[in-house]
Amino acid sequence: MQEASELEIYVHIPFCVKKCSYCDFLSFKMGEETHREYIFALKNEILNYMSAEVKRKLNEKSYVVTSVFFGGGTPTVLPSKELTDILAELKRCFHFSEDAEITTECNPGTVTAEDLAVLKKAGFNRLSIGLQSANDEELRRIGRIHNFARFKATYENAIKAGFENINVDLITALPEQSLEDVDSSLEKILSLDPLPKHISSYSLILEEGTEFMRLHDEGKLNLPDEESERIYHWRVIDRLKEAGYEQYELSNIAQPGFECRHNVGYWTGKEYLGFGLGASSYFENERFSNTRDLKEYLGYWGRGASYAEGAKDVVQDRPLGEMEELTDGDKISEFMFLGLRMTHGISIAEFESRFNRNFEEIFGEITKKHIDEGLLSKTGDRIFLTRRGQDVANYVFSDYLMTDNT
Ligand code: SF4
């Protein structure tokens, strides 16, 4: 019997209580009626994904879902009953592995103890909580709706509900932030009992169209300089290492065995299907994403377009944003720049067996250059970024992207 291929699923919930000052994610504040329309449309999209063509592809290769990630936005602005119904719809449509990792993002103050119990009971087994900072003044400055006490209450409720695998999101290089502020956030996180299994720590990036970009353009945003940004980043990694965590990706740190399976899947080239507004997929050699236009999305899936009613192939005709067929060259580039995000880097043997190409011939020269510069290191069969290499990761990635691999 053919071995099943692993498949990941992403579900996008584009709603938030309020827009944070730095955020350019596909998310907005909407009323309950729009929430209801969206839930209907989303379920309809999932159901119809099992139209004949997709069902054939899924059956042929016998896919098994190993992870699901509800992201946003803030998925938990929707009632937990609705989130569990969406998960149930997915379970009806796809084969799930018994130990599938099922995560939802959640923001402090948007879930009650009862909500968390409902989510846990329905099969969600990982929670990703958007803390961002444990300092109330910083939270206020970046436009978050919660304070640390509210986060703590959500965290404790999650533990009581039975969530063992919890991620906490952190952002550094915030306006006015000092190294002492970073330390104080870290110590508050490390005082949680039990400790979170996973921490994502990203540096703030100024994005077009955000409130922060406007303030920056007006000269009203006091951000740490580049050198401080790096110092803060490494302070987080080093302090967490002391506390027993391991950095396994540029911005992700976990207790051993609790790396986010879903994200590791992205970085190692696993196939995934995305449902919901703007959600991207990588399936059968194609990368595509749903429309980012809420009106268009609701107009199509919200009217109940349905394969089951014998309509034409509604999946084929659905409103897409981008669609791109990946060449072998694209896949080779992705293998390199996504794989090098992971601290254990890429395996030459895996590269050669996956692409049937000689690594040395394509990337020998560029790899040697970066090893000589101290940006890459090689141990046995693996090539990975050094600490200095991580600081200039985009420079290294762009060299691999620009190398002719045809
Ligand atoms: S909660 Fe997250 S997705 Fe929503 S506005 Fe804030 S940063 Fe953006």
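The chain holds 16 helices and 15 strands, where helices (H or I, at least four residues) and strands (E, at least two) are DSSP runs numbered from the N terminus. Its radius of gyration, taken over C-alpha atoms, is 22 Å, close to the 22 Å that the globule rule gives for 406 residues, so the chain is as compact as a globular protein of that length. That rule is 2.2 Å times the number of residues to the power 0.38. Please keep in mind that this is a predicted model: local features need pLDDT of at least 70, side-chain atom pairs count only at pLDDT 80 or more, and totals for chains, interfaces and linings use all residues. Residues are numbered from 1 along each chain as its sequence is written.

**Overall build**
- Along the principal axes, the C-alpha atoms fill a box of roughly 60 × 55 × 45 Å.
- Of the 406 residues, 37% count as buried (20 or more other C-beta atoms within 10 Å of the residue's own, with C-beta atoms placed from the backbone).
- Among contacts between residues at least 6 apart in sequence, 73% join residues at least 24 apart; a contact means C-beta atoms, placed from the backbone, within 7 Å.

**Nonpolar cores**
- The largest nonpolar core has 67 residues, and those with the most contacts inside it are I9, V11, V68, I129, V168 and V236. Such a core is a set of buried Ala, Val, Leu, Ile, Met, Phe, Trp, Tyr and Cys residues joined through C-beta atoms within 7 Å.
- Strand β1 (residues 5-13) gives the most to this core, with 5 residues.
- Leaving aside residues up to four places away in sequence, V68 touches I9, V11, L90, A100 and I102.
- A second, separate core of 15 residues includes M336, F359, L376 and V396.

**Domains and their contact**
- The domain assignment gives domain 1 (5-267) and domain 2 (328-402), with bounds from an automatic or database assignment.
- Taken over C-alpha atoms, the centres of the two domains are 28 Å apart.
- Domain 1 puts 6 residues into the contact and domain 2 puts in 8 residues.
- On the domain 1 side, strand β7 (residues 246-249) gives the most, with 3 residues.
- The residues of that side divide into 3 nonpolar, 1 polar and 2 charged (Ala, Val, Leu, Ile, Met, Phe, Trp, Tyr, Cys and Pro count as nonpolar, Asp, Glu, Lys and Arg as charged, and the others, Gly among them, as polar).

**Ligand surroundings**
- Around the ligand are C16, K19, C20, C23, F25, S27, G72, G73, T74, N107 and G130, each with its C-beta atom, placed from the backbone, within 6 Å.
- This shell divides into 4 nonpolar, 6 polar and 1 charged.

Methods:
Buried ≥ 20, exposed ≤ 12 C-beta atoms within 10 Å, placed from the backbone. Contact = placed C-beta atoms within 7 Å.
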